[in-house]
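Here is a short note on how the two chains meet. Please read it with the structure open.

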There are 2 protein chains.
Amino acid sequence: MSRSPPPPAGAPRAHASSTAVARLAGVSQSTVSRVFSAGAAVSADVRERVLKAAAELHYKPNALPAILQTGRSGIVAVVVGGFYNPFFTEFLRCVTSLLRERRIETMLVDTSSDDNLDDIVGELSRYRIDGVISALAIRSTRVARKLEGAGIPIVAVNSKKFGNLRTVSTDNRSAGALAADLLIDGGCRTLAYLAGRESTAQTERQRGFLKRINDRQVAPPQHVVAGFSYEEGYAAALELLSSGSRPDGIFCVNDLVAIGALDAIRIEFGLSVPGDIQVVGFDDIPMAGWRGPDLTTFHQDMDALALGSVTLLAEAAPSRPIVIPPRLVLRGTTRPRDVAVTP
Amino acid sequence: MSRSPPPPAGAPRAHASSTAVARLAGVSQSTVSRVFSAGAAVSADVRERVLKAAAELHYKPNALPAILQTGRSGIVAVVVGGFYNPFFTEFLRCVTSLLRERRIETMLVDTSSDDNLDDIVGELSRYRIDGVISALAIRSTRVARKLEGAGIPIVAVNSKKFGNLRTVSTDNRSAGALAADLLIDGGCRTLAYLAGRESTAQTERQRGFLKRINDRQVAPPQHVVAGFSYEEGYAAALELLSSGSRPDGIFCVNDLVAIGALDAIRIEFGLSVPGDIQVVGFDDIPMAGWRGPDLTTFHQDMDALALGSVTLLAEAAPSRPIVIPPRLVLRGTTRPRDVAVTP
DNA sequence: TTGTAGGCGTTATCAA
DNA sequence: TTGATAACGCCTACAA
């Protein structure tokens, strides 16, 4: 029997195979296989002998041949769009936790844009991943089409729906409308919106906000494009206030931008929040609850988003989009109020 | 030729194999394999024909048989100890980015404790991962030993060294000493330390801090066990100050604890920082640089930690531990000073 | 309950 | 430069 040359000293010794275990236990390879696959019929005596041999050889079943055989890898790729934003890391936490419960492994992909998602998924498909969960929304038809061509089920969060794409979203538009109500009911009359860059979530929030403002016959808000980071929020607020305008209510595309804006308003301009200006964010990241920012915001229900993603991915065929309602979290950057807010 | 039954309608169609491509291109399977493995000799003519056929069939080489054959998967598991702490997420960001450059995939593991790391790695070894990078330090000999038994190279950050374990660490002890110097030179005489729970990093920071304080003949600091989160830092500061003591300098085990403490000090007690109390953190997470906290802290060089981890993992045999110097970042929670700090 | 044999889709080896 | 053939380690019939 021909054998491979011995591994160089110091190198991790090769993994034992089921054949090796079988030899040591004096049984056939298939018997070893049976012992390690749930619900197969093996006599207690043989099972014990096999397990003993396996332990002795540090045997761990090799998943790869099984995948090769069955076509299912038990691996899901999770895509995030940057670790700077706790929205992504929280989502990642929830998803990996759910996947782990289901004994599925997570392959992590971090990318700044969905533009190259098709390439990344193509690359990952070499590992026969069972699916993709993307916290990054898909924007272009080109990418959506190529992803479909890869033949791997894909769930995207807060994304527009394309073809077979499965989507789970927070109801961003309603939240935008609610934000408008909140500020207007709180007495604001000169509103501003600190926007993100192109993304479905951002567009929807903005749309809901503008629509409700218009419906309630309040003057349209000033619009400043910030981005999604603390620094961009800070800079945008600086720009806004330096221009001489003094809005009394600001809705921000997310919490990082809102916290940046807050710091600029309070520290750079010495204005009071919510006295002079009320501020509303989006996401309810942990820092929004810190005593410093104490930010009023909309909670994105990560558990629901994650559970929805995992569930949709598990389904055989793409089903209807899942929409999760946001939850308003009232904190110290808006005026205390008794009136109930209705969508 | 026997064929498997056709896939159910709607199911993602099966991936094409190199054999299918070979048939279509009119060459042998080995030739297709050569075309897709770098640096193999194939005539331009044949290569073109194969690539055309491959494109037509959406062919992507299946990595699994290759792994089976070569024993190398191109997958590394990265372990983090909770997404609440930007230290972990930043590390994760740097590591995945470096791995991606090297065309290695990241399998993500999130676990609250290193106690079950051996089980997790055992589970992952089924995928024949090439190695493990753990941002979580390894504390117990039992786990270290079992990990060694798995025969997979492992790098741990800020960890004690066990056997074959490869380690990359920030020089936590020196940083602790520097923190003592900084506060004492800044005029502090009644110091306090907000500690984390058992971990090598925490112990080392504390040890360096205490030693330098002792060396400089300043009274030993008060010691409160907080933990590693914002909430725990807040609670610990509350406890410390409610007990009636008024330290004038506090060193915190990490930035989250420090920011929690800051909020308690400023908001709950109305004290001035750095006027009444100076505060020093550790890690230099992004929030430490926000205008609100504006926290003086020690920067952990994530790029260096990540690069060290990836490099150590790539080495054939475990080599010497890598130690990264921390960098003091002076901000607004300590008094401005001109004197240079020397270790 | 256990063993035998074929096949999954690559890489590696050797011959042509 | 190309092709045939043997692994890699498991799962899945099917036979004993």
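1. The area buried between chain B and chain A is about 5100 Å². Carbon and sulfur atoms give 62% of that area. Keep in mind while reading that this is a predicted model.

2. Residues on both chains take part in the contact: 54 residues come from chain B and 53 residues from chain A.

3. How many salt bridges are counted between chain B and chain A? The count is 4 salt bridges. One of the salt bridges links A:Glu268 with B:Arg291, and the closest N and O atoms of that pair are 3.2 Å apart.

4. Several elements of chain B give two or more residues to the side that touches chain A. The helices on that list are α4 (63-70), α5 (86-101), α6 (117-124), α7 (141-150), α10 (230-242) and α11 (255-268). The strand β2 (105-110) of chain B is also listed. The largest share of this side comes from β2(B), with 6 residues.

5. By residue class, the side of chain B that touches chain A divides into 28 nonpolar residues, 13 polar residues and 13 charged residues.

6. Strand β2 (residues 105-110) of chain A is joined to β2(B) by 3 bridges. Do these two strands run parallel or antiparallel? They run antiparallel. To find the pairing in the structure, look for A:Leu108, whose bridge partner in β2(B) is B:Thr106.

Conventions: Residues numbered from 1 in each chain as written. Chains lettered and ligands numbered in written order. Predicted model: local features only at pLDDT ≥ 70, side-chain atom pairs only at ≥ 80, totals over all residues. Heavy atoms only, no water. Contact = heavy atoms within 4.5 Å. Buried area = accessible area lost by both parts, 1.4 Å probe. Salt bridge = Lys/Arg side-chain N within 4 Å of Asp/Glu carboxyl O. Helix = DSSP H or I, 4+ residues; strand = E, 2+ residues; numbered from the N terminus. Nonpolar A, V, L, I, M, F, W, Y, C, P; charged D, E, K, R; others polar. Pairing = 2+ DSSP bridges.
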